[in-house]
Amino acid sequence: MTYSAKGLAALEAQLQQDLEFLELPAKSWVPERTYQNTPVRDVVVIGAGMCGLAALAKLQFTGISNVVAYDAAPAGLEGPWITFARMETLRSPKTLHGPALGLAQLTFRAWFTAQWGNEAWQALDKIPKDQWMDYLVWYRKVLNLPVHNNVRVSNIAQAGDLIALDLAGAETGRVYTRRLVLATGRSGLGGFAVPDFLQGIDRRFWAHSADDIDFAALQGKRIAVIGAGASSMDNAATALEQGAGAVDLLIRRKEMPRINKMTGIGSQGVVHGMHQLPDAWKWKFVDYTAATQTPPPRSSTLRVSRHENARFFLDCGINAVKQEENGLLIETTQGALRYDFLIAATGFTNDFHGRQEFAAIAPHIRSWSDGRYQPEMGTPRHSLLEAPDLGPSFEFRELTPDACPMLAHIHCFNDAAMLTHGKVSGDIPAVSAGADRLVRGITASLFAEDVEQHYANLQAFDTPELQGDEWVDSTPLLKQENAL
């Protein structure tokens, strides 16, 4: 596959011309604000992964230019793609336009073919995950997006009608913003979902699938992996490829899930219609897909099963995990099993009470369990009940009115928004639609908040369109004619 630097340069030139023709970014229109002699941001985005970048780009395209994104990771390591995502390729079809925001020259396909040509594109099956990260790095660079790396937001607080953010890391101190977007990815508002049976077990003997796992240290070891999802397969495969002595997948279900239901009905109707449905229908869709589960990709599963020292144990629920001197005794519905190490591919939780940076807002966030869910909707599934009850622009709602007014200006643009908004703020297929919905809402609210200033600007605008010499007033002649 021959690389073409000239091709990429030509693509970038075409993209810049397209942006110029479309008048993007639009001119800045939000009035400047200060607070205690400190400049105020219009929007701060926490997270510079795919969703954060898409949100940032759409904000700038819309003329909201006084924005910034903070990401705790070093540049090039944002998101999961080359950290805890251990698959070989993306599961999404290569043709999806992802965060391109309706611009053909900003798609992965344009970026790929500009460098390696159409023949290589036709030969490509799925997008290698490292290459997807390379594309996102280019996306950030070519749009000149304002991302500050190695910066963590440690606290969120109210400051008048503004939001105050305390920063730690490469930048420290307090910054102020009018709107805040939480583009915090799969972890959403919470963190790792850890089963009760692992509480109190020494971390020497287990890790979550999203941890930074030293797989080299697992060479020759007996490994248990909990779950039957994509991350289970990816972690099991990585352990096997790094020389694990044996890897067992402990799967509670009697059968492996085989059908990816939501992919089967994917359409623009789902993207734009799901969030408009009555709550009972939203619950029904998400509850059904949670019950049927999403299968791991075929390629990921084969990546595991091709190893002779891999075993799949179905109908194998875990009753208890006991720590021994040199490992773990796992009591399962299929009997007792011993391992040197366990990997819990158990996903994430939306329980935001465990995150220090959200401590000030967590008690005030309204969830679906606070009245939005009704028993007639169906099974009271815990993972859905803890989902935040969001407004039409991903904004949080208050549990108690007026107890935390800034929540209306904090937008949950991450995986936790799925029940309210559909899959538009976490997955590749509809992230552009999600960014558009988010930014339309922020744009409308900022304009409404500044309406007096905009009206004053309307009154003060005095640049004449006409100079006064473009016509002759014939009214005096009409009066003379009428007098005859």
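Start by selecting Arg-204, Phe-205, Ala-207, Ile-213, Asp-214, Ala-217, Leu-218, Lys-221, Asn-326, Asp-340 and Phe-341: together they line the second largest pocket. (On a 1 Å grid over the protein atoms alone, a pocket is an open set of points with protein on both sides within 12 Å along at least five of seven lines, a cavity is a set where a 1.4 Å probe fits but cannot get out, and lining residues have an atom within 4 Å of a point.)

Before you go on: this is a predicted model, with local features needing pLDDT of at least 70 and side-chain atom pairs pLDDT 80 or more, while totals for chains, interfaces and linings use all residues. Numbering runs from 1 along each chain as its sequence is written, and side-chain values use heavy atoms, leaving out hydrogens and water.

Back at the pocket, you're looking at about 180 Å³ of space. Its lining has six nonpolar, one polar and four charged residues.

Next, pick Glu-395, in the loop between α11 (382-385) and β18 (410-411). Now show the backbone nitrogen of Ser-393: the Glu-395 side chain reaches it at 2.7 Å.

Last stop: select Asn-414, Asp-415, Met-418, Gly-422, Lys-423, Val-424, Ser-425, Gly-426 and Asp-427, which line the largest cavity. That cavity holds about 40 Å³ of space, and its lining has two nonpolar, four polar and three charged residues.

Notes
Grid points are joined across faces, edges and corners, and a volume is the space filled by probe spheres set on the points. Ala, Val, Leu, Ile, Met, Phe, Trp, Tyr, Cys and Pro count as nonpolar, Asp, Glu, Lys and Arg as charged, and the others, Gly among them, as polar. Helices (H or I, at least four residues) and strands (E, at least two) are DSSP runs, numbered from the N terminus. A polar contact is a pair of N or O atoms within 3.5 Å; within protein, one must be able to donate a hydrogen and the other to accept it, and residues adjacent in sequence count only if both atoms are side-chain atoms.
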